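Please keep the sequence and the 3D view at hand as you read.

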Amino acid sequence: MILQTPLPPPPGIPFDPNQLIPLIGMIGGMVVAGVALYAFFKSDLAKAMAERMRAGMRPKKQWSDTPIEGVADGDHVAEIEQRVTDMQGQIAEMAERLDFAERLLAQKRERSLPGA
């Protein structure tokens with residue numbers, strides 16, 4: 001069996017051209033990574049993350065620091081409670097309608113099956 005050894009570089013080239021392949025791959029990878037990072041940093045997601053980080057660095061206000069603009073009176077609280085109760089009733093009514101529609105669809109599906 002004959003073992004092949006790599007040929008020495010031609011006399012005019014002071015380095016092995018096969019060593020350029022990993023270098024070109026590394027440079028190409030760095031260019032692709034740079035373009036991807038540039039696109040990310042220009043995106044709205046990066047802006048939102050930066051804003052969130054800036055907001056986290058600000059000192060948080062304490063309850064004692066905030067001025068009381070309007071104290072909720074009893075009438076206002078009662079009105080809000082009434083609105084929540086009304087909305088809960090509307091949600092319950094919508095749930096009943098959804099159940100009814102699902103039952104109708106299930107009956108229609110059962111009738112249309114050939115083995116029924």
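## Surface and burial

The protein has an accessible surface of about 11,600 Å², and carbon and sulfur atoms account for 65% of that area. Accessible areas here come from the Shrake-Rupley method with a 1.4 Å probe, and for residues only the protein chains shown count as cover. Of the 116 residues in the protein, 1% are buried; buried means under 20% relative accessible area, exposed over 50%, and partly exposed in between (1.4 Å probe, protein chains only).

## The model and its confidence

This is a predicted model, in which local features need pLDDT of at least 70 and side-chain atom pairs count only at pLDDT 80 or more, while totals for chains, interfaces and linings use all residues. Residues are numbered from 1 along each chain as its sequence is written, and side-chain values use heavy atoms, leaving out hydrogens and water.

The predictor's confidence in each residue is given as pLDDT, from 0 to 100. Its mean over the protein is 83, with 82% of the residues at 70 or more. Among the elements, helix 1 has the highest mean pLDDT (93) and helix 2 the lowest (87).

## Fold

You will find 3 helices and 0 strands in the protein, giving the pattern α-α-α along the sequence. Both kinds of element are DSSP runs numbered from the N terminus: helices are H or I with at least four residues, strands E with at least two.

## A nonpolar patch

Which residues make the nonpolar surface patch of about 930 Å²? They are Ile13, Phe15, Leu20, Leu23, Ile24, Met26, Ile27, Met30, Val31 and Val35. Patches take residues with over 30% relative accessible area and no salt bridge, joining like charges within 9 Å and nonpolar side chains (Val, Leu, Ile, Met, Phe, Trp, Tyr) within 5 Å.

Met30 is a handy one to click on: its place is in helix 1 (residues 20–41), and it counts as exposed because its relative accessibility is 57%.

## Salt bridges

The whole structure holds 2 salt bridges, each defined as a side-chain nitrogen of Lys or Arg within 4 Å of a carboxyl oxygen of Asp or Glu. One joins Arg54 to Glu51 at 3.2 Å, N to O. Both residues lie in helix 2 (residues 44–57), 3 residues apart, about one turn of the helix. Arg54 is partly exposed at 46% relative accessibility, and Glu51 is partly exposed at 39%.

Glu93 and Arg97 also meet in a salt bridge, at 2.9 Å, N to O. This pair sits in helix 3 (residues 74–112), 4 residues apart, about one turn of the helix. Glu93 is partly exposed, with a relative accessible area of 41%, whereas Arg97 counts as exposed at 57%.
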